[in-house]
Amino acid sequence: LATTQRHLTTAPRDVQRITVFGAGLMGSGIVQVAAQAGYKVTMVDTNEKALENGLSIIAKSLPRVAKKQSPDDIDGFVARAKSNIATTTDRLKAVENADVVIEAVIENLQLKQELFSALDQVAPPHAIFASNTSSMLVTDIAATVSEDRKTKFGGMHFFNPVPVMKLVEVVRTEKTSDETFETLMQVGRRMGRVPVKAKDKPGFIVNRLLVPYKRKPAPFGTPCTHTAPVEAVRMVERGDATIEDIDTAMKLGASYPMGPFELFDYTGVDITQYVSEAWEGYAKRGLIPADLVKQSPMLRKMVYEDKTLGKKTGRGFYDYS
Ligand code: CAA
């Protein structure tokens, strides 16, 4: 009851300006849904080329969303969203007026910590920080900011393609305040997503189940067998079935919109590899079962030797050239 009452009495903060770090697939998608919702958004990356790439992803996606959300005024919808987006490579200036800062840079803990501790010095005291990490603990990413900012720190984990995928996992750490949590939930809703509350545990909800599905060798009889019935990569490594047949089987036999290998290529083979590497550390800390993180030779070779990372490099499990 106490929790319910507290929940009801904590109002979210008013948010108008959002700064997003990272102009890749995820970052640009977050910028887009924020701009569509009427937020003033600043997209930040380290160079102009990355920003241009982000803007072109948005420019391609916006009319597709407009066709559904505003069929009678597609041009107006696109123009309004675009007018809400600014870009910069100046990472400190970018947060001077921010109410919420969302980080969607590569999955490198040191890089994320360094970014947030620098931003902590210059962002307004009320600004909320959120990470879109898919594999790390938000608590670890928040480790280098001030104690006060830790109460204004949470996770907002979106799914690719962000303009289509309705879910956002809103992550609370031990230190996230009620106001911060409620504000992130509210921002997620206003962005047109459906927010779910996730504890700060490796993989939150979806990836904790999805990563094993795509790559986990799940021996029969373990609890994981129920949540991760397919060991897609291992099946191929063992020669049990082909990539094409596994994808066809999961689409037609289990109604997944994409097979596991199509999804690998779509999301980026490297992303799953980085997740599994990050999770090795969490397994050592006893936060996830050790057998979840066994490395796949096939994935390692694709990421580190062949650099066949999926659609973005023209080749992954499939050829896109
Ligand atoms: N922006 C806007 N609209 C888009 C879009 C985009 N980037 N991509 C697709 N769409 C729209 C299309 O316009 C189309 O709309 P209509 O129905 O009005 O024609 C609709 O979505 C369907 O698209 P397509 O016909 O081109 O193709 P599809 O039916 O195969 O759908 C898909 C594409 C939505 C990507 C679908 O295949 C899908 O849901 N795939 C699974 C995606 C998934 O599982 N994502 C999660 C990955 S895990 C993750 O992101 C977390 C992490 O931590 C890494």
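A salt bridge is a side-chain nitrogen of Lys or Arg within 4 Å of a carboxyl oxygen of Asp or Glu. Keep that in mind, and remember that this is a predicted model.

Here is one such pair. Glu262 and Lys251 meet through their side chains, 2.9 Å from N to O. Glu262 lies in helix H13 and Lys251 in helix H12, so the pair ties together parts 11 residues apart in sequence. Glu262 is partly exposed, at 23% relative accessibility. Lys251 is partly exposed as well, at 28%.

How many salt bridges does the structure hold? There are 18. Take Asp120 and Arg149, with their closest N and O atoms 2.7 Å apart. Asp120 sits in helix H5 and Arg149 in helix H7, so this bridge ties together parts 29 residues apart in sequence. Are these two residues buried or exposed? Both are buried.

Now the ligand. It has 19 residues around it, and Lys68 and Asn160 are among the closest. A polar side-chain atom of Lys68 is 3.0 Å from a ligand oxygen. A polar backbone atom of Asn160 is 2.8 Å from a ligand nitrogen. The protein buries 67% of the 1000 Å² that the ligand exposes when taken alone.

Which helix gives the most to the shell? That is H3, with 4 residues. The shell divides into 11 nonpolar, 6 polar and 2 charged residues. Where does the ligand lie? Domain 1 and domain 2 both give residues to the shell, so the ligand lies between them.

Methods
Residues are numbered from 1 along each chain as its sequence is written. This is a predicted model: local features need pLDDT of at least 70, side-chain atom pairs count only at pLDDT 80 or more; totals for chains, interfaces and linings use all residues. Side-chain values use heavy atoms; hydrogens and water are left out. A residue is near a molecule or strand if one of its heavy atoms lies within 4 Å of it. A polar contact is a pair of N or O atoms within 3.5 Å; within protein, one must be able to donate a hydrogen and the other to accept it, and residues adjacent in sequence count only if both atoms are side-chain atoms. Accessible areas come from the Shrake-Rupley method with a 1.4 Å probe; for residues, only the protein chains shown count as cover. Helices (H or I, at least four residues) and strands (E, at least two) are DSSP runs, numbered from the N terminus. Ala, Val, Leu, Ile, Met, Phe, Trp, Tyr, Cys and Pro count as nonpolar, Asp, Glu, Lys and Arg as charged, and the others, Gly among them, as polar. Domain bounds come from an automatic or database domain assignment. Buried means under 20% relative accessible area, exposed over 50%, partly exposed in between (1.4 Å probe, protein chains only).
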